[in-house]
Amino acid sequence: PAMLRRAFLAAADRFSPVRFPTSDLREKAEVLLVAYARAFAELADPESLAAARRRRTAAETSRVGSRKESSEFFRITTDLLDAQTQFLEGMKRFEAADFRAAVELFQYAYDIEPQAVYGAWLALSRYRANPHAAAKTALQEIADAEREAADCEEVHAFRGEIAAAEGMHALAETSFTRAFKLAPTKTEYVDKAREARRRGERV
C-alpha cells in the first residue's frame with residue numbers, strides 16, 4: 001500500500017493540471033490524472049480489485065463486454081485526492097479501534113497535505129497499532145508534525161499520551177501543559193500533567 005500510494009502521488013504531481021500553461025494541455029493532464037486515479041482505486045481496494053478480476057474473467061469467457069459495468073467500476077470522484085476525506089475516514093477507523101487501517105488513511109492524508117493534525121493522528125494511530133515497536137517512530141512523526149505547526153493541540157496532547165505510556169513522565173507533563181495552553185477549556189490536560197508529575201516523583 002505504501003509503494004502504491006507513493007507511485008500514485010508521484011503521478012498526480014507530475015500530471016497536475018496546474019503545471020501546464022494552456023487549457024488544451026491542462027485538459028489532457030486531467031484525463032491522464034483521472035486514468036491514474038482509476039488505476040489507484042482498483043489496486044488500493046481489495047474488493048474492487050477482486051470484482052474487476054471477476055469481470056475480466058467473465059468477459060474473456062463470454063467475449064461479451066459490458067460498457068455500462070466498466071464505466072460504473074471506473075467511476076471516480078475527487079475524494080481520492082482529498083486529504084480531508086481520507087482524514088475523516090481515518091477517524092472512523094480509529095474510533096472503531098482499527099488502528100492499522102487508520103494509519104494507512106492518515107498517512108495518505110498527510111502525504112496529500114502535510115498538516116500537523118494529520119501527522120499527529122498518524123503518530124497516535126501507529127503507536128496504538130503496535131505500542132511495543134512503534135514508540136520511537138510515533139514520537140518522530142509527532143516531531144515532524146510539530147514542525148508543520150507548533151500550535152497544534154493534538155501534537156502536544158498525543159506526545160503526552162505516548163510519553164506517559166512509555167514512562168517518559170517529564171515529557172508527558174510538559175506536553176500536556178502545552179496542550180492545555182492551546183486548549184484552556186480542556187481541563188483533562190491539567191489532570192494528566194499532574195498525574196505525569198506524580199508518577200515522575202515516584203520514580
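What share of the 203 residues in the protein chain is buried? Buried residues (under 20% relative accessible area, 1.4 Å probe, protein chains only) make up 35%.

This is a predicted model, where local features need pLDDT of at least 70, side-chain atom pairs count only at pLDDT 80 or more, and totals for chains, interfaces and linings use all residues. Residues are numbered from 1 along each chain as its sequence is written, and side-chain values use heavy atoms, with hydrogens and water left out.

View 1. Helices are DSSP runs of H or I with at least four residues, and strands are E runs of at least two, numbered from the N terminus.

**View 2. Helix H7 (residues 116-129) packs with helix H8 (residues 131-148).** Their axes, lines fitted to C-alpha atoms over the stretch in contact, sit 8 Å apart at an angle of about 175°. H7 and H8 are therefore roughly antiparallel, a label for angles over 145 degrees on a scale from 0 to 180 between N-to-C directions.

**View 3. Here's the largest nonpolar core, with 37 residues.** Such a core is a set of buried Ala, Val, Leu, Ile, Met, Phe, Trp, Tyr and Cys residues joined through side-chain atoms within 4.5 Å. Phe 87, Phe 94, Phe 106, Tyr 118, Trp 121, Val 155 and Phe 158 touch the most other members. H7 gives the most to this core, with nine residues.

**View 4. Zoom in on Val 155 and its contacts.** Leaving aside neighbours within four places in sequence, Val 155 is in contact (heavy atoms within 4.5 Å) with Ala 116, Ala 120, Ile 142, Ala 145, Glu 146 and Ala 149.

Methods:
Angles under 35 degrees count as roughly parallel, over 145 as roughly antiparallel, 65 to 115 as roughly perpendicular and the rest as oblique. Buried means under 20% relative accessible area, exposed over 50%, partly exposed in between (1.4 Å probe, protein chains only).
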